[in-house]
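Reader: I'd like to learn how to read a structure like this one, feature by feature. Could you walk me through it?

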Amino acid sequence: GIRAKEAPNPTLAIPSSIFVLPLASALVFYCISKIAITPRIPSKSSFRNIMSSKGGIVNAEPFTYGKDQKAVRLMVMDGKGKQSVAEIAYYGAHIMTFKDIDSSGKETPLMWMSSKAVLDGTKAIRGGVPVIFPQFNAFGPMKSHGFARISVWSLVGITSDVPGLSITATFRLTPNELSKAMWGADKDFVYDYKVTLKANAVTSAGAPANSVLEIESTITNTGKVDFGFTCALHTYFPVSDIGQATVSAVEPYTVKGLKYIDQLAEGKDRADKVVSQESPEITFDREVDRIYLNIPKLLQVTDKKTGLRIIQETNFSDAIVWNPWIDKAKRMSQKDYGEMEYKEMVCVEVAEVGTKGNKVELKPTEVCKRTVSITSASS
């Protein structure tokens with residue numbers, strides 16, 4: 001595994017060919033070194049023989065998008081031909097795609113991406129999962145949402161649990177010129193961001209799911225001074241019609257009675273804008289921008305038109321629910337967002353924000369570890 005306190009390493013080069021791991025394979029790990037060690041790739045004939053008898057694969061391949069931007073594509077497929085795919089950019093360690101593909105080839109996107117997203121590495125990507133660190137929004141002195149989502153991360157490892165039909169890519173961010181300019185040269189940290197794709201998932205609520213995407217966020221203070229931060233995983237989810245979409249908790253949990261910061265309310269401080277959620281479902285008929293506090297561990301986006309539910313299980317303590325609605329979408333359409341795209345997305349962003357200051361404080365050697373698992377199920 002990759003320990004947070006290890007010294008930074010050079011970016012890992014993945015071989016240009018796809019590597020495919022049959023079920024009989026043992027754990028494969030790219031060594032973190034100046035020279036990437038290529039795993040043994042079975043021949044086509046042996047691969048086909050093992051496929052027919054074991055019936056499942058995990059797969060990782062490098063690719064480029066936009067203007068020569070580097071990314072990695074993860075894929076798992078079960079014995080019945082159901083696939084799940086995740087694509088992660090080096091820029092921002094940004095998960096751009098997460099989707100299920102059934103045996104007939106029908107795709108079910110589980111994350112949303114704007115048709116106007118900027119993909120050349122000059123601007124944060126609109127859609128997927130932007131990594132917000134070390135400052136959420138404008139809650140501090142630096143540029144809104146910090147530097148993590150606009151930094152190039154290193155891919156330091158790919159591991160697989162082949163019998164368990166899962167594959168993991170680990171990205172790492174350490175201080176760079178941008179972080180030093182925005183946060184100060186005295187802040188030393190290692191941010192390890194582990195993305196795991198699994199097939200044949202079951203939610204903790206007992207519902208079957210086609211796949212699960214697990215994110216493990218580990219931030220370590222490797223320096224000599226204390227530092228504090230706010231953070232979020234700014235996840236965009238697809239819906240067929242925002243007017244028929246809801247955000248709620250998975251039973252037996254509920255969002256009714258939760259406190260939230262209404263970011264659209266008047267008031268200078270976050271603490272001045274705290275109100276209570278009055279119903280068990282969050283609905284959308286206007287702009288919504290709320291920071292829910294002390295959330296239940298299971299949240300879901302329900303598309304009542306299609307019956308699709310996208311479930312998040314997390315140990316983050318807060319969550320932002322956001323849809324820009326008509327007027328803000330028009331303003332955003334001048335940049336990287338389609339004017340009518342508010343109808344087809346909602347953000348549910350697990351976070352550590354709180355009502356004032358920095359939510360997380362780390363002394364030297366201390367670690368902040370948070371996780372979220374995203375799965376799909378049908379109502």
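Reader: Let's start with a helix. Which residues of helix 3 are buried?

Author: Keep in mind that this is a predicted model. In helix 3, spanning residues 325-332, the buried residues are Trp325, Ala329 and Met332. They sit on the same side of the helix, because the arc they cover around the axis is only 60°.

Reader: Zooming out, how many helices and strands does the protein chain have?

Author: Three helices and 25 strands. Of the 379 residues, 55% are buried. To see how the chain folds back on itself, look at contacts between residues at least 6 apart in sequence: 68% of them join residues at least 24 apart.

Reader: Now a loop. Is Gly79 buried or exposed?

Author: Gly79 counts as exposed, because its relative accessibility is 58% and the cut-off for exposed is over 50%. You'll find Gly79 in the loop between strand 3 (69-77) and strand 4 (83-89). Its C-alpha atom is 10.0 Å from that of Ser103, 24 residues away along the chain.

Reader: How should I read a charged residue? Which side chain of opposite charge is nearest to Arg149?

Author: Arg149 is buried but has no salt bridge, and the nearest side chain of opposite charge is Asp336, 7.2 Å away. A salt bridge would need the charged atoms within 4 Å. Arg149 belongs to the loop between strand 7 (131-132) and strand 8 (154-161). Beyond its close sequence neighbours, Arg149 has contacts that include Tyr91, Ala124 and Ser144.

Reader: What about rings? How many aromatic pairs are there?

Author: The count is 20. For each pair, check the distance between centres and the angle between planes. Take Phe133 and Tyr191: their ring centres are 5.3 Å apart and their planes are at 75°, so this pair is edge-to-face. Phe133 is in the loop between strand 7 and strand 8, while Tyr191 is in strand 10 (residues 189-202), so the pair ties together parts 58 residues apart in sequence. Phe133 is buried at 0% relative accessibility, and Tyr191 is buried at 2%. Tyr191 also pairs edge-to-face with Tyr193, at 6.3 Å centre to centre and 85° between the planes.

Reader: Which aromatic cluster do Phe133, Tyr191 and Tyr193 belong to?

Author: One that also takes in Phe147, Trp153, Trp183, Phe189, Phe227 and Phe229.

Technical notes:
Residues numbered from 1 in each chain as written. Predicted model: local features only at pLDDT ≥ 70, side-chain atom pairs only at ≥ 80, totals over all residues. Heavy atoms only, no water. Buried < 20%, exposed > 50% of the residue type's maximum accessible area, 1.4 Å probe, protein only. Helix = DSSP H or I, 4+ residues; strand = E, 2+ residues; numbered from the N terminus. Arc of directions from axis to C-beta. Contact = heavy atoms within 4.5 Å. Lys, Arg positive; Asp, Glu negative; His and termini not counted. Phe/Tyr/Trp six-rings, centres within 6.5 Å; stacked < 30°, edge-to-face > 60°. Lists of a residue's contacts leave out its neighbours within four places in sequence.
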